[in-house]
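Hello,

Here is the structure I promised to pass on. My notes follow below it.

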Amino acid sequence: MSQALLDVDGLRVHFAVPAGGLLRRRWATLKAVDGVSFALAPGETLGVVGESGCGKSTLGRAVLQLIRPTAGRVLWLGRDLTALAGSELRARRRDMQIVFQDPLASLDPRMPVGESIAEPLQTFTPGLSRAERRERVQAMMQAVGLLPQMINRYPHEFSGGQCQRIGIARAMILCPRLVVCDEPVSALDVSIQAQIINLLMELQAELGTALIFISHNLAVVRHISRRVLVLYLGRMVELADRDSLYAEPRHPYTRALISAVPIPDPRLEAGKRRIVLSGDPPSPIDPPSGCVFRTRCPRATERCAAETPPVEAVADGHLVACHHWRD
């Protein structure tokens, strides 16, 4: 891997949440992200997968400092973002943008889409004239597959797929070096999902932007990502390049996720062995001791309850946190 654009080291995001009754209010700690580390190279796409509530979105927001981490470091070109505030942090945000899950909710309904797309330009390039901003906005609208003459329309006049294109245009208008895509296609129809994924890949190739692509759809992640990070209950359980992860997953949780991915061939799909996990994920307020996955793991032993598995290298670039990955 080339020199890291982003280096996340031991990132933790914990929240204090109320526990107990109204008369004797107590507080508990919800460990949304608990010790996640990874690096991202310029122009690379890292997929982040896991069940709902595993900390994917919190991780993405903490990388961008939209949520302040409890512990750990987020190094941007060697500079620790967690140590920055105010104007210093705001200056770094020019190179970091986000595409949200709900395309319509992420746009101001009272603002024409042209003004929404132009907001980053107004913030970071105030020297541009109104005509220059309009020209750039129309060029970006065309790049994401929207008609430039739609610049004065409002969000409710667009479909869900078109609104997501608007969100992508707003994120890409400054040609950022990193974009966090937080489930950007989960609210869209399957045919529209493919269009948005292809659009992101085309823009990435043209602009050289690195992506953190958050999703629960492993088929989509396999298509767009170079490497994949698997989260469970806020912890990293496996990290590997796409081909290695899908061909030979080492963690039982990863195997269960991949077994749920449908195969287009009906005969192969009918004969596929599906791994069904028992029970629901534990509460992040009261996670199991040792390995957080042990309560649903078919391989769990007494060691799994007593010891937290360290992150070990299976091969070059392939990391796994499991006591029994060699089995």
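**The largest cavity**

Seven nonpolar, three polar and two charged residues make up the lining of the largest cavity. Here Ala, Val, Leu, Ile, Met, Phe, Trp, Tyr, Cys and Pro count as nonpolar, Asp, Glu, Lys and Arg as charged, and the others, Gly among them, as polar. Among the lining residues are His251, Cys291, Arg294, Cys297, Arg299, Cys304 and His324. The space inside is about 70 Å³. A cavity is a set of points on a 1 Å grid over the protein atoms alone where a 1.4 Å probe fits but cannot get out; lining residues have an atom within 4 Å of a point.

This is a predicted model: local features need pLDDT of at least 70, side-chain atom pairs count only at pLDDT 80 or more, and totals for chains, interfaces and linings use all residues. Residues are numbered from 1 along each chain as its sequence is written, and side-chain values use heavy atoms, without hydrogens or water.

**Helix H6**

Helices are DSSP runs of H or I, at least four residues, and strands are runs of E, at least two, numbered from the N terminus. Just after H6, Gly208 has a positive phi of about 70°.

Best wishes

Methods
On a 1 Å grid over the protein atoms alone, a cavity is a set of points where a 1.4 Å probe fits but cannot get out, and a pocket is an open set with protein on both sides within 12 Å along at least five of seven lines; lining residues have an atom within 4 Å of a point. Grid points are joined across faces, edges and corners, and a volume is the space filled by probe spheres set on the points.
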